[in-house]
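Let's take a walk through this structure together, starting from the whole and working down to single residues.

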Amino acid sequence: MQYALLIYGGDPDAPPDRPMDEAVAAVLARPYVTGWARLHAAGSATTVRAGEAGMLLTDGPFVDSKEFLAGLVMIEADDLDGALAVAAELQETREGGAIEVRPLREGCPRGA
Amino acid sequence: MALDAVFREHWARVLATLVGILGDIELAEEAAAEAFAIAAERWPRDGEPANPNAWLVVTARNRAVDQLRRRRLLAEKTRLLARGLETAPEATMHDPPAFRDERLELIFTCCHPSLALEAQVALTLRTLGGLSTEEIALAFLVPPDTMSKRLTRAKRKIRDAGIPFAVPPDHQLPDRLAAVLAVVYLIFNEGWGGGRVDLAAEAIHLARALTDLMPDEGEVLALLALMLLHDARRAARFRDGRLVLLDDQDRSLWDAGQIDEGRRVLQRALARGTAGPYAIQAAIADLHLRQPRDWRQIAALYDVLARRTGSPVVEMNRAVAIAELEGPEAALAILDRLDLGQYRYFHSTRADLLRRAGRTAEAERAYRRALELTRTAPERRFLETRLAELRPPAEG
């Protein structure tokens with residue numbers, strides 16, 4: 001099964017050029033990782049909405065809260081336990097935040 | 001669908017096997033319900049088949065395959081195709097295959113930690129216990145519609161999120177088994193305090209099944225022993241709709257046979273070298289049934305349990321034993337350190353200790369607070385009686 005690991009929180013004031021943690025890089029290099037993305041801080045987001053007079057742009061993330069989406073990892077796993085184990089391994093390298101594990105309904109992973 | 005005793009004994013096993021075959025609890029449940037309905041019609045007429053379990057599984061599987069065909073989803077159900085599933089002609093059912101018992105896989109699926117506890121409880125009662133949605137709703141005092149949605153959501157999450165239908169590997173087993181036992185004990189305690197649908201009996205039934213499936217797990221035996229020993233006092237716990245405390249209970253109403261069984265099961269648990277939380281609690285429950293009560297040993301076991309679990313409720317129970325050994329003030333000193341302000345038994349326990357310490361005004365306030373938090377009528381009547389008995393010590 002395909003799962004998306006939604007990486008939330010972490011340090012909002014971390015410098016944008018901070019290199020990736022080695023332990024994280026090692027996980028992302030594994031064959032079952034089918035795609036990943038590290039996102040710039042939530043302040044760099046622009047949200048697009050359909051308004052009555054056409055598209056409406058707002059400065060900032062859709063959900064305005066302390067919990068922001070920081071990254072995304074797509075993986076292949078046998079079942080939820082497999083996906084949760086990868087999430088737990090990634091979360092151990094982080095300080096704070098949380099990882100939401102969501103099964104993919106459909107998708108286009110790398111190599112597909 | 002209400003299942004009578006005969007069906008009840010087959011339900012969990014048939015459903016578990018079907019979940020293993022079909023990979024989907026919702027589909028398996030619909031198919032099982034259909035098969036049981038067909039059996040209800042045919043068995044009284046044609047006689048019970050030689051292997052009722054296999055008959056039900058094959059019949060249900062055939063219905064499910066038909067159903068999938070109708071939905072034109074068969075091609076997607078690779079799991080079905082991989083197992084070469086075809087509708088077996090019912091004529092060949094005089095010699096049906098033997099199906100593996102997969103109830104253990106099912107209970108670990110239903111008690112997976114990615115499901116909310118209330119969903120785990122409801123699913124376990126529905127799938128393993130065979131209770132109807134209406135019965136579960138009644139037991140937990142929620143509208144049937146709410147319970148139905150809760151069950152449907154949980155079943156869909158199991159399917160969509162890929163919650164495994166498997167007994168966890170060894171490194172995960174202790175944690176996951178603890179989660180299963182917690183669900184069973186929670187079901188028991190719901191029944192213990194309330195006495196609505198017979199949840200205590202359900203929990204004992206589930207624990208018995210678990211001891212059959214995992215005969216070497218000491219904590220499973222210990223949980224069964226704990227519940228048997230508590231439940232043996234059931235008939236003596238209420239009198240005229242009022243809760244009766246252990247010391248005031250009519251011991252002739254205790255179920256001596258069940259106490260014996262509980263003690264034997266506890267011995268089997270201890271023989272497996274378990275000293276887990278349920279074994280300790282069962283040993284305490286056993287001590288409470290003996291006369292006179294050995295408060296020193298009870299306090300010592302609560303002390304072990306409190307260190308093990310860090311639970312303030314356990315610490316409160318230790319305080320009750322300390323009150324017997326050192327007096328109510330020593331126990332009140334322990335209670336003062338606990339953060340249990342929302343727990344109804346904390347206030348009733350504290351009230352009783354204050355009463356015994358002669359601190360009547362404080363006792364009265366504590367009884368009133370306990371009354372505010374109490375949910376059941378027998379407990380309320382008990383507390384009201386106690387409150388009425390509080391008299392200023394002027395006459396003495």
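A quick word on the ground rules: residues are numbered from 1 along each chain as its sequence is written, and chains are lettered from A, with ligands numbered from 1, in the order in which they are written. This is a predicted model, so to speak of a local feature we need pLDDT of at least 70, and side-chain atom pairs count only at pLDDT 80 or more, while totals for chains, interfaces and linings use all residues.

**The two chains**

Let's begin with chain A. Its secondary structure comes to two helices and six strands, where helices (H or I, at least four residues) and strands (E, at least two) are DSSP runs numbered from the N terminus. Going along the sequence, you read the pattern β-α-β-β-β-β-α-β. The C-alpha trace of chain A spans about 45 × 35 × 20 Å along its principal axes.

Chain B is built from 19 helices and two strands.

How much of each chain is buried? In chain A, buried residues make up 12% of the 112 residues; in chain B, 41% of the 396 residues count as buried. Here a residue is buried if 20 or more other C-beta atoms lie within 10 Å of its own, exposed if 12 or fewer, and partly exposed in between, with C-beta atoms placed from the backbone.

Next, contacts: two residues are in contact if their C-beta atoms, placed from the backbone, lie within 7 Å. Take the contacts in chain A with a separation of 6 or more: residues 24 or more positions apart account for 76% of them. In chain B, 61% of the contacts between residues at least 6 apart in sequence join residues at least 24 apart.

And where the chains meet? Five residues of chain A are in contact with six residues of chain B. On the chain A side, these divide into three nonpolar, no polar and two charged. For these classes, Ala, Val, Leu, Ile, Met, Phe, Trp, Tyr, Cys and Pro count as nonpolar, Asp, Glu, Lys and Arg as charged, and the others, Gly among them, as polar.

Helix α3 (residues 52–70) of chain B has 19 residues and reaches 27 Å from its first C-alpha to its last, close to the 27 Å expected at 1.5 Å a residue. The expected span is 1.5 Å times one less than the number of residues. Among the buried residues of α3(B) are Trp55(B), Arg61(B) and Leu68(B).

Helix α15 (residues 312–326) of chain B, with 15 residues, should span 21 Å, and its end C-alpha atoms are 20 Å apart, which agrees. Its buried residues include Val314(B), Met316(B) and Ile322(B), and the buried residues of α15(B) pack against α14 (295–309), α16 (328–335) and α17 (344–356) of chain B. After α15(B) comes Gly327(B), whose phi is positive, near 100°.

**Helices side by side**

Axes are lines fitted to C-alpha atoms, for helices over the stretch in contact, and angles run from 0 to 180 degrees between N-to-C directions.

| Helix pair | Angle | Axis distance |
|---|---|---|
| α18 (residues 360–373) and α19 (residues 377–389) of chain B | about 165° | 10 Å apart |
| α11 (residues 218–231) and α12 of chain B | roughly 160° | within 8 Å |

That makes α18(B) roughly antiparallel to α19(B), and likewise α11(B) roughly antiparallel to α12(B); the term is for angles over 145 degrees. α18(B) passes α19(B) in a left-handed crossing, as α11(B) does α12(B), meaning that the near helix is turned anticlockwise from the far one by less than a right angle.

The contact of α18(B) with α19(B) has five nonpolar, no polar and three charged residues. For α11(B) with α12(B), the residues divide into 10 nonpolar, three polar and three charged.

**Two residues to look up**

Val265(B) lies in helix α12 (residues 256–271) of chain B. Why does Val265(B) count as buried? Because Val265(B) has 24 C-beta neighbours inside 10 Å. Not counting residues up to four places away in sequence, Val265(B) touches Leu221(B), Leu224(B), Ala225(B) and Leu228(B).

Leu289(B) sits in the loop between α13 (277–288) and α14 of chain B. Leu289(B) is partly exposed, with 17 other C-beta atoms within 10 Å. Leaving out residues up to four places away in sequence, Leu289(B) touches Leu229(B) and Ile259(B).

Key:
Angles under 35 degrees count as roughly parallel, over 145 as roughly antiparallel, 65 to 115 as roughly perpendicular and the rest as oblique.
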